[in-house]
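Here is a briefing on one protein chain.

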Amino acid sequence: MIVTMVLFIFTLIAWILPVTVKTKGSVHMLQVNSYRNEQYTKWMGSHRSKVFLRLEVLYALPLVLHVVTDSVTVSLGAAIAVFVLLFFNNLSNKPEEKKSLVYTPRVQRLLGATYIIYGLTASVSISVAAFFSIFAALFILILAAVFPYYIVLIANTINRPIESRISRRFINDAERLLKASPGLTVIGITGSFAGANVKHFVQTILSSKYNVLMTPEHHTSKFGIARTINEQLKSYHDIFIAEMSAEQEGDIREICDLVTQKYGILSDIYAQDPDTLENMKKTKYQIVETLPEQEGAAFLNMDDENIMSWEPKNSCRKIYYGIDRKDADLRASNIKFSGKGMSFTVTTADGKKETFITKLLGRHNIYNILAAAAVGLEMGLSLKQMAGAVKKMAAVPHNLELKRSSGNITIIDDSYNSNPLGSKAAIDVLGHMDGYRMLITPGIIETGGNDYEINKEWARYSADKCDYIILVGKKQTEPLQDGLKEAGYPDQKLYVAENLQDAMQHMNKMAPDDSIVLLENNYPETD
């Protein structure tokens with residue numbers, strides 16, 4: 001019996017290894033899904049191959065051997081071997097992470113609750129092994145090894161009352177700090193895709209005159225914004241820029257009630273599904289409808305038909321920017337692209353003009369600059385001052401970022417993420433470039449629905465703007481292959497790579513010195 005229990009303890013130690021790796025992945029995905037159980041369970045439902053790994057079928061082996069051989073030594077030895085094998089398999093097959101798990105206090109509390117559950121599981125399994133059955137004890141351990149995603153879900157539910165109290169305290173502290181800063185001007189920003197870029201552009205332009213604080217990346221929820229206020233807001237700050245995200249209806253309004261913004265920027269509204277689009281409009285427009293009617297001002301993209309089709313419920317001042325609409329209060333024209341960036345003319349409603357030169361690329365970035373410039377004008381900056389700031393503005397990494405490769409190849413790195421609007425804008429940039437134009441892509445991942453048709457249509461749209469196309473992944477790019485075939489794209493100008501490394505090697509082989517290469521999209525964090 002002593003030998004059996006010692007062997008079982010070694011089995012427990014081996015069991016902890018794959019459980020730890022899979023638990024970290026589970027907590028990571030819960031963090032990516034904003035700790036919301038409903039989003040997390042939806043993600044699990046659409047990613048069953050990650051929740052239940054194919055190789056985990058091996059967990060049945062020690063149970064089968066126990067029944068067949070009736071040998072505790074054989075079954076426990078097999079269990080140890082399987083747990084160790086799954087551990088190394090999980091380590092070697094971990095996907096590359098764009099954003100690693102951040103060990104915030106909340107994550108630490110969540111991991112604590114999770115491992116308490118695992119500790120109780122281990123204690124129960126030891127008791128069962130000692131007084132009942134090794135088979136039953138193994139079965140308990142294997143269940144816990146297969147279902148970490150659900151155990152993390154249980155731990156998150158258990159922690160919810162604690163997190164609610166902590167969140168409330170954080171938000172109360174943030175409200176007190178904001179009330180103690182009566183001279184602070186708060187600018188709220190939201191959009192389906194462009195919010196983060198607009199935030200950086202507004203910060204860059206306004207920093208030439210003011211002390212500006214903006215929310216860091218991914219701190220776009222009510223709690224994240226409250227945390228930024230509590231940890232970073234100082235008495236010398238003149239402006240606070242809060243990027244706002246919405247996971248469900250009412251989120252934007254809650255953030256606005258916290259920060260009481262004076263200015264609100266609505267950069268873009270997009271959703272594939274008509275019902276989702278209406279909810280998106282309603283939610284995003286809350287940044288406008290919560291503005292003070294006398295002193296507040298909304299800055300709206302006039303070329304976005306979804307923005308223009310919604311009638312807000314308040315009558316605050318509205319300032320429009322755009323490219324196509326000549327009646328916009330701030331308009332860009334005479335747009336030119338080159339291997340060094342873009343230039344365009346900005347014209348105000350009263351006829352003032354200034355040429356803006358930037359290292360950035362893409363029509364969408366012109367909209368982002370216009371949004372920031374509109375706010376800058378409101379805050380007392382001149383077009384000339386802002387043109388100087390824009391000229392120094394650095395590209396957001398992996399977002400139509402210009403780079404030089406070996407030889408004389410220019411890389412346009414748009415690999416961070418992709419959506420239907422952004423991918424189309426990136427292809428338009430490539431199409432305006434002089435030189436041999438190459439596209440490397442696995443396709444659009446964040447489509448908002450109907451992946452096949454959206455990727456197929458994008459491939460057709462891209463066909464006449466590319467001299468050579470490299471698709472990454474044979475199976476996932478089938479919609480792109482079908483779209484290019486329908487567009488009559490020549491087979492000799494198309495290569496389907498096994499992976500990104502294969503794609504880059506083929507690029508170096510095929511690209512002449514005057515090539516412009518667009519790297520479009522990578523896999524999203526939740527894929």
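Of the 527 residues of the protein chain, 50% count as buried, meaning under 20% relative accessible area with a 1.4 Å probe and protein chains only, while exposed means over 50% and partly exposed lies in between. This is a predicted model, in which local features need pLDDT of at least 70, side-chain atom pairs count only at pLDDT 80 or more, and totals for chains, interfaces and linings use all residues. Residues are numbered from 1 along each chain as its sequence is written, and side-chain values use heavy atoms, with hydrogens and water left out.

**Overall**

- The protein chain has 20 helices and 15 strands; these are DSSP runs numbered from the N terminus, with helices (H or I) of at least four residues and strands (E) of at least two.
- Taken along the principal axes, the C-alpha atoms fill a box of roughly 90 × 65 × 40 Å.
- Among contacts with a separation of 6 or more, 71% are between residues 24 or more positions apart; contact means heavy atoms within 4.5 Å.

- Five of the five residues of strand S3 (residues 239–243) are buried, so S3 is largely enclosed by the rest of the structure.
- Ile 239, Ile 241 and Glu 243 point one way from S3. Phe 240 and Ala 242 point the other way.
- In a regular strand the side chains alternate between the two faces of the sheet.
- Strand S1 (residues 185–190) pairs with S3 in the parallel sense over five bridges; pairing requires at least two bridges found by DSSP between the strands.
- Thr 185 has Ile 239 as its bridge partner in S3.
- Strand S2 (residues 212–214) also runs parallel to S3, joined by three bridges. Here Leu 213 stands opposite Phe 240.
- A right-handed β-α-β unit is formed by S2, helix H10 (residues 222–232) and S3. Right-handed means that, with the strands pointing away from the viewer, the path from the first strand over the helix to the second runs clockwise.

- His 237 sits in the loop between H10 and S3.
- At 12% relative accessibility, His 237 counts as buried.
- Its side chain reaches the backbone nitrogen of Lys 234 at 3.0 Å.
- Leaving aside neighbours within four places in sequence, His 237 is in contact with Leu 184, Asn 211, Val 212, Leu 213 and Gln 232.

- Strand S5 (residues 297–301) is mostly covered, with five of its five residues buried.
- Ala 297, Phe 299 and Asn 301 point one way from S5, and Ala 298 and Leu 300 the other way.
- Strand S4 (residues 263–266) pairs with S5 in the parallel sense over four bridges. Leu 266 has Leu 300 as its bridge partner in S5.
- Strand S6 (residues 317–322) pairs with S5 in the parallel sense over five bridges. Tyr 321 in S6 stands opposite Asn 301.

**Nonpolar cores**

- The largest nonpolar core has 66 residues, of which Ile 187, Val 202, Leu 206, Ile 265 and Phe 356 touch the most other members. A core is a set of buried Ala, Val, Leu, Ile, Met, Phe, Trp, Tyr and Cys residues joined through side-chain atoms within 4.5 Å.
- Helix H15 (residues 363–378) gives the most to this core, with nine residues.
- A second, separate core of 45 residues includes Leu 12, Met 29, Trp 43 and Ile 142.
- In soluble globular proteins, nonpolar side chains tend to be buried together.
- Ile 187 lies in strand S1 and counts as buried at 0% relative accessibility.
- The C-alpha atoms of Ile 187 and Lys 262 are separated by 6.1 Å, though the two are 75 residues apart along the chain.
- Beyond neighbours within four places in sequence, the contacts of Ile 187 include Val 202, Leu 206, Ile 265 and Val 375.

**Helix H20**

- The buried residues of helix H20 (residues 500–510) are Asp 502, Ala 503, His 506 and Met 507.
- Seen down the axis of H20, these residues fall within an arc of 140°, so they line one face of the helix; the arc is that of the directions from the helix axis to the C-beta atoms.
- Exposed Gln 501 and Lys 509 are on the face turned away from the buried side of H20.
- The buried residues pack against strands S11 (410–414), S12 (436–441), S13 (468–472), S14 (494–497) and S15 (515–520).

Definitions and conventions: Polar contact = N/O pair within 3.5 Å; in protein donor to acceptor, adjacent residues only side chain to side chain.
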